Structures are given as C-alpha cells and as structure tokens.
Amino acid sequence: MKYFIFCALFLLHGYAFSQTAILEAYGDSVTAGLLNYTNVTHETKLTTVSTILSDLTMFKLTKDRAYLNKHEKGELAWPQLLAQHLTTTEMQFEVRNYGLSGAQSENLITEVSNAKDVAPEEPVIAFFLIGYNDLCHNINSEQTLASNYNNNLDKALEIWDKNHKGGKAYLISLADVQKIYPLLDGQVWFESSKGRYRCNESWEKLFPYCPTFSKKFKEGTLNDYLAPRVDALNNTLKELTEKWKNKSIRNQYFRIEPPLGMDFQKDHFAIDCYHLSNKGQSFVSKQIFDSVGWQ
C-alpha cells in the first residue's frame, strides 16, 4: 500500500526519483499542534494548566509567539504523523510546518510568502488546512464569510503556484465544528479538592476562543448557525480546487473530502476542549493519508 502511494505521488505524475520529498503544511493552531500533548480524558496536573493559561495570557498581551511555541508539539501534529504514514524505503519526507496558531485565512498569504524556497527538481506535496478562526471571529453572513475566505486562499495559492513547479497541493475540508460541543458537553477534565473543571468551563472561562459558539450551544442554536457556514467554506474549497486545476500549468490541485470530524471521539481533544490531542492529530493524519492514497 505504501509503495502504491509512493508511485502515485511521484512516479506516475512525472517526478524523477528522489530520496527525499518535501511535505509543506499551512494552516492554524490545528496544524501547528497547539496543546496536542494534553487530553481531555486524562487528568492534567493543575500546575500544567496554570502554566498553559499564563502563557496564553502573556501571548495575548505581548503577541510574543515564544509563549505559544512552548505548547506546540510539531512532532505530535498531523503533518509529521502524515509523513510517517507516507514514508517508504524508497521515499523519505522533510516536513516543513508553517502553521501559525491563531491564523485566519488572510494570514495564509504570509505563511506561503515566508515559506522556504524550493528547487524545481524537488518533489513537493503541500497541504492547506485553515478556516477555523475565520468561523470563530467572523460574524458576517455566510456569503460574506465565504467570499473573504475565497479571496484570501486564492491570493495565497497564486503565490504558492508561482513558487513551485511540479508540486501537488491538497486543500483539506473543514470538520463539523458544531459537533464538538454536544460531544464534550459536561466532560470533566480535572477534578480534585482544589476544583472541578468541565469543557463547559473551558469554553466559557478558561479557553474562550469562540464565545459565540458556546453561547449558541447553550441556546440550542449552534448547529443551525454553524453548519451552513462550515458548508459555505467547504464549497469554496471545492470551487477553488477546480479553478486551480484548470488554471495552473505548473502544479496539480486536489481537494481532500469528505469533511473530517465525522467520527471524532472525546479522547481526540485537548484540555481546552477545542484543539486536538495527540490521538486527534493521529486521527486527522490517517484521514488525510487515506484520501491522498487514491489522488
């Protein structure tokens, strides 16, 4: 199976044999691996929680990414795990993870612009997974949300296409975020004489990344609000993939679908009840691997 994927990725599409290929990953904190060393189903020491909260607060105040970098474990994030799935005796992968915690689609342009140069003869596969922060922080209509998302990704792909030749770009669908909340509702991730914390406290007080989502979940309107917005962004990815398939004469473009997340389990999530644990990262990497296999 791995040998078949190796051939499909490189030999059958005109790549010369190379011992090492480059795997680029672009995206937000899911790609960067924020908090992936924690698990909502495992007890986490209060001192660890305190350090995480302190560092996240300091990042918010100073914008110094050193505070976030301590909590991003690239070796446990899906790009590195995907490379392990794809590695064969004939082909190794150098992972270049450009994911930035907190990134929205507009930041993808910066990520692509700052990526290392790639020689024309170097085989490259690139993965783009972004949009969760757009969903969190954009309360415009789904049409406006999708339009902005389309423009940002289109500009980023324009830059990526010019900087690569013979590469493969994979646009990854967004998961159904709205399913996380009923799955983890009431989940206790810390309990002792010093306190008891559930995902509900994570969403509302400790890690309030998307306060609108938490509020709408309590009101019972989250699915009606969020599902069409996720669909709008995923439809945009479909349209962009087709556009670049027809437009580019330098690279190939693919969309990875269906949306990830249909079978997420509780232990797939970190203690903030939003980001992925190591098990969740492994799940995502396997989903992507299975999709890449037949592209």
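## Terms and basis of the model

A residue is called buried when its relative accessible area is under 20%, exposed when that area is over 50%, and partly exposed in between (1.4 Å probe, protein chains only). The structure is a predicted model, in which local features need pLDDT of at least 70 and side-chain atom pairs count only at pLDDT 80 or more, while totals for chains, interfaces and linings use all residues. Residues are numbered from 1 along each chain as its sequence is written, and side-chain values use heavy atoms, with hydrogens and water left out.

## Salt bridges

The structure holds 12 salt bridges; the term denotes a side-chain nitrogen of Lys or Arg within 4 Å of a carboxyl oxygen of Asp or Glu. Helices (H or I, at least four residues) and strands (E, at least two) are DSSP runs, numbered from the N terminus.

One of the salt bridges joins Lys218 to Glu204, with the closest N and O atoms 3.9 Å apart. This pair links distant parts of the chain, since Lys218 belongs to helix H11 (residues 211-219) and Glu204 to helix H10 (residues 199-206), 14 residues apart. Glu204 is partly exposed, at 38% relative accessibility, whereas Lys218 is exposed, with a relative accessible area of 63%.

A salt bridge also connects Lys279 and Asp267, whose closest N and O atoms are 2.9 Å apart. Here too the pair links distant parts of the chain: Lys279 lies in helix H13 and Asp267 in the loop between S7 and H13, 12 residues apart. Lys279 counts as partly exposed, at 46% relative accessibility. Arg196 forms a salt bridge with Glu191, with 3.5 Å between the closest N and O atoms, and Arg196 is partly exposed at 46% relative accessibility.

## The surroundings of His275

His275 is located in the loop between strand S7 (252-256) and helix H13 (278-292). This residue is buried, its relative accessible area being 4%. Its side chain makes a polar contact of 2.5 Å with the side chain of Asp272. A polar contact is a pair of N or O atoms within 3.5 Å; within protein, one must be able to donate a hydrogen and the other to accept it, and residues adjacent in sequence count only if both atoms are side-chain atoms.

Leaving aside neighbours within four places in sequence, His275 is in contact (heavy atoms within 4.5 Å) with Ser29, Val30, Leu34, Tyr209, His268, Phe269 and Ala270.

## An exposed loop residue

Asp117 occupies the loop between helix H6 (108-113) and strand S3 (124-129), and is exposed, with a relative accessible area of 73%. Asp117 and Asn163 are 46 residues apart in sequence, and their C-alpha atoms are 7.3 Å apart in space.
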